[in-house]
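Subject: Structure handover

Hello,

Here is the structure we talked about. Please open it next to this email and follow along.

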Amino acid sequence: MSAQISAKSPLTLPVTLYACPPSLFSGKVRSYLRKAGIPFQERLQSHPEYAARILPAVGRFVIPVLETDGTIVQDTTEIIDYLENRLDTPLGVYPTGPRQRIISLILEMFGDEGLLRPAMHYRWNFPDENDYFISMEFGRFMKADATDDEARELAAMPKAAMQKYLPGLGITPDTIPAIEKNYRDLLAALDAHFLKQPYLLGGKPTMADFGMYGPMYAHLARDPAPEMLMKQTANRVWRWVERMTAPANTMSDDMPEFPNMPRDVLADDGIADTLLPVLKLVARDYGPEVTALVDFINAHLDQSPNIESGSPVITDATKRVLGRITVPVGEMDVPVGARHYSLWMLQRVQDAYDALTADDRAAVDTLLEQMGLTMFITKRTTRRINRVNYTEVWD
């Protein structure tokens, strides 16, 4: 059943979401709003209110941004947490079982950060299949009534800018075969899982689903080339994308394949056997990057012992990363940007783990050791990263 907002809720409805259809992170929040039953009005960045109020408040051109009652919230996780805390009946995106809770947070992080490589590759390296669609999408969010020619002209600059990010993500001609193999492996594992389960942890979506949905929807299920790959090789993943896109209500939840499935996570903190291959792929394809990133940040902190509390992690506004790390992509070691935001997500996993009882931590430890995921708990930075005024700062 959809979560409901009562007359006592401090939210004024509908809330306003500044977002756009081809945006990876917009999809994550939009899906949550639909599943939570929260009425919302979506606006593009070209809406005059974005330039007038949102951009000055946030300080940079970024989406999605949620506005309600004069409050502006930016970042998908912070938006979902903000809304969950204000619903009389929250959707319950964080399972209460210790194993499910930790796995949900790991998979959210993997979706947000670990799937950027295939998402960007399949969007930008298939121009014959994708270019018209992407040009129309980018041109439209810049000018909603743009003609085809106008859309192409408007889209040219942001398209060129986005393509420049590919090498920094480790996407090069040499790594493309491994990126595609890893993604196909993931599709196959997810397809087998969604034959048995409607969502990642059972009969309802959790943060695991919302995190994974962002790249799977906006890039990998909408852009023409990866859309056909998904439909032709992993149809049940496509059905999950459809299910995550559909609104939840008391009449229909788009789960006809699972008529007897309880609309909740698996009982007794269960993790489906079909999810285990997915978790092992997360460990294989993303775990080494987590390890390398923590090691890099700790070395950076060792070399900069006088960083003041509250200072931005990135002090140079022209840069997006602190430096480079080397990560394995298939059989190759590849330099990629050190994405410090990932560490803020990693802290959420570790904070949830630290809040568990000793017995619950032992149960989680056993699962993570079996899956090869212990680095999500054991690899810790010597200094925390906080988010203050829409940016990451040192604790």
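P64 sits in the loop between α2 (48-58) and β3 (65-68). The peptide bond that leads from I63 into P64 is cis. Its omega is near 0 degrees. Keep in mind that this is a predicted model.

There is another cis bond to find. L13 and P14 are joined by a cis peptide bond, with omega about -5 degrees. Look for P14 in the segment before β1 (15-18).

Next, go to the loop between β4 (71-74) and α3 (76-84), where you will find D75. D75 is not a glycine, yet its phi is positive, at about 105 degrees.

Now the helix pairs. Two packed helices are described by the angle between their axes and the distance between the axes.

Take α4 and α15 (residues 358-371). Their axes are 9 Å apart and meet at an angle of about 50 degrees. On the α4 side, the contact is made by P98, R99, I102, I103 and I106. On the α15 side, it is made by D360, A363, V364, L367 and L368. Sorted by class, this contact has eight nonpolar and two charged residues, and no polar ones.

The other pair is α6 (residues 127-142) and α10 (residues 224-233). These two helices pack at about 115 degrees, with axes 7 Å apart. From α6, the residues in contact are E129, N130 and F133. From α10, they are P224, A225 and P226. The contact of α6 with α10 has four nonpolar residues, one polar and one charged.

Now look inside. How many cavities of 30 Å³ or more are there? The count is three.

The largest cavity holds about 180 Å³ of space. It is lined by 13 residues, and those closest to its centre are G114, P118, N182, Y183 and D285. Which elements each supply at least two residues of this lining? They are α4 (98-114), α5 (116-124), α8 (176-196), α12 (276-285) and β5 (324-329). The largest share, four residues, comes from α8. By class, the lining of the largest cavity has nine nonpolar, two polar and two charged residues.

The second largest cavity holds about 80 Å³. Its lining is made of E113, G114, L116, R117, G168, L169, E289, V336, G337 and R339. Here α4, α5 and β6 (332-337) each give at least two residues. This lining has three nonpolar, three polar and four charged residues.

One last stop is T326, in strand β5. Which residues does T326 touch, leaving out those up to four places away in sequence? They are A292, D333, V334 and P335. A292 is 34 residues from T326 along the chain, but their C-alpha atoms are separated by 7.0 Å.

That is the tour. Find each spot in the viewer as you read.

Best wishes

Note on methods. Residues are numbered from 1 along each chain as its sequence is written. This is a predicted model: local features need pLDDT of at least 70, side-chain atom pairs count only at pLDDT 80 or more; totals for chains, interfaces and linings use all residues. Side-chain values use heavy atoms; hydrogens and water are left out. Axes are lines fitted to C-alpha atoms, for helices over the stretch in contact, and angles run from 0 to 180 degrees between N-to-C directions. Contact means heavy atoms within 4.5 Å. Ala, Val, Leu, Ile, Met, Phe, Trp, Tyr, Cys and Pro count as nonpolar, Asp, Glu, Lys and Arg as charged, and the others, Gly among them, as polar. On a 1 Å grid over the protein atoms alone, a cavity is a set of points where a 1.4 Å probe fits but cannot get out, and a pocket is an open set with protein on both sides within 12 Å along at least five of seven lines; lining residues have an atom within 4 Å of a point. Grid points are joined across faces, edges and corners, and a volume is the space filled by probe spheres set on the points.
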